[in-house]
Amino acid sequence: RFVYPFAGCAESGGVGSFESSDEMFNRMWKVSLNTVDCSSHEMFVDCPYYEQQQYAMDGGLEALFAFRMTNNPALQKKIIVDMAQSQLPDGMIQANYPSVGCQVIPSFSLYWVMMLREYLRYTGDVGFVKSMSGIADRVLQGFDDLIGEDGLIGPTHYWPFVDWVPSWPVGVPNGGRDKPITVYSMIYAAALDMQSEVCLACGRTGLAKEYGERKERMLAAVNNLCFDRNRGMYTDVLGISEFSEHTALWAVLSGAVSGYEAGELIDRVFAVSGVSKCTFSMNYYMFRALEKAGRYEKYSDRVFEGWRHMLDLHCTTWCENPDSPRSECHGWSSAPIYEFSAMMLGVFPEKDGFLKVRIKPLYMGVESAGGRVPMPGGYIDVSRVYKNGKFELNVASSKKIDVQIILPDESRKEYKQTDKISISSTC
């Protein structure tokens, strides 16, 4: 059981839990909790042994996982405030802060913008998010200033890290120091979309519209210049015929591709050889792309292979990356927390602050699963069983909420202000 370093969550019952009929997934849950626990001090740190620094990408993922572990958002709020205080005159947020030295990884500023959106989703605290929204505006303006004549986010003198892919020098796609990196334009578009949602929640409708228009212009440039029609994939760097899972997943998440074409792109990237693979830091986003493209149950088991391998090595915390672990306890590698809570149990805040909850439990090859998902001021308990062509679901919440249930056949049931639901159907 995860014991969060703040009072309040245990007393309200808001401590997340998970257990299933698959013992390997149960082990993954426990190791994930231990990893985030070891990386949660007075702030989120990337790892408790090496840098011991609060990084925007690492901490943003840890904050999201922590929302599935506790209904006390103190550390999540703290990292947003801490990182905001590091903003530079050009709009960039330092990669890690508080810190004596100044390091900037431009995409980490965009992950901070996304962190703000997720905080609103899980807490519903519009007032706090509005107070931070100006920082996000300056980040997005900083990226707008990097747009070249081709309409893409251009090179920067900062370290343009993407992921610890073995064939990429220090995490940068080949050629990415001198030419536009495709995923930077895609992540920027995704951040524009998320900040547009924040602006709408804060009553800033004009700015929300502007961000939507900027996103569409960016995606038009990406599709015009970065899509290789012969290979059916997006290039990692403008003008260089190298490809990765990263460009595919961010194409889906940014909206550069959608619907049937998104699923086809994912199929293609998983089928061909010579495509650079995501490591643990990026696998959370790969899961989200699979979800959005309708390919989650088809490929998620393949993505879990890295965690199975670490269990085979008897890891009790997750490593930083698969090819050269270095840090053997790295918070950003704890995506199983989210996957089991949000996908296998199926609980997701359909409206900010859990004013409405969507429950869509996936099979994922697991017959039975159950657990507790924290929400502001309480929790939701879910148990589901897939067996002999039957599906059973039981939901109990600590307070009355609006709930949408999505059954295995994709039919939907709506409940208003309820705290208990029991459903049986075929699957």
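On a 1 Å grid over the protein atoms alone, a pocket is an open set of points where a 1.4 Å probe fits, with protein on both sides within 12 Å along at least five of seven lines; lining residues have an atom within 4 Å of a point. Grid points are joined across faces, edges and corners, and a volume is the space filled by probe spheres set on the points.

The model is predicted: local features need pLDDT of at least 70, side-chain atom pairs count only at pLDDT 80 or more, and totals for chains, interfaces and linings use all residues. Numbering starts from 1 along each chain as its sequence is written, and side-chain values use heavy atoms, without hydrogens or water.

Select Lys-277, Cys-278, Asn-283, Arg-302 and Val-303 to begin; of the 16 residues lining the second largest pocket, these lie nearest its centre. The space in this pocket is about 390 Å³. Next, display helices H10 (280–292), H11 (296–303) and H12 (305–312), each of which supplies at least two lining residues. Helices are DSSP runs of H or I with at least four residues, strands are runs of E with at least two, and both are numbered from the N terminus.

Move on to strand E9 (residues 390–406), joined by four bridges to the parallel strand E6 (residues 356–359); strands pair if DSSP finds at least two bridges between them. Arg-358 has Gln-404 in E9 as its bridge partner.

Then select E8 (residues 378–387), which runs antiparallel to E9 with eight bridges. Val-382 stands opposite Val-395 in E9. In the turn of this hairpin, Asn-388 has a positive phi of about 50 degrees.

Finish at E10 (residues 412–426), antiparallel to E9 through 12 bridges, where Ser-422 stands opposite Asn-394.
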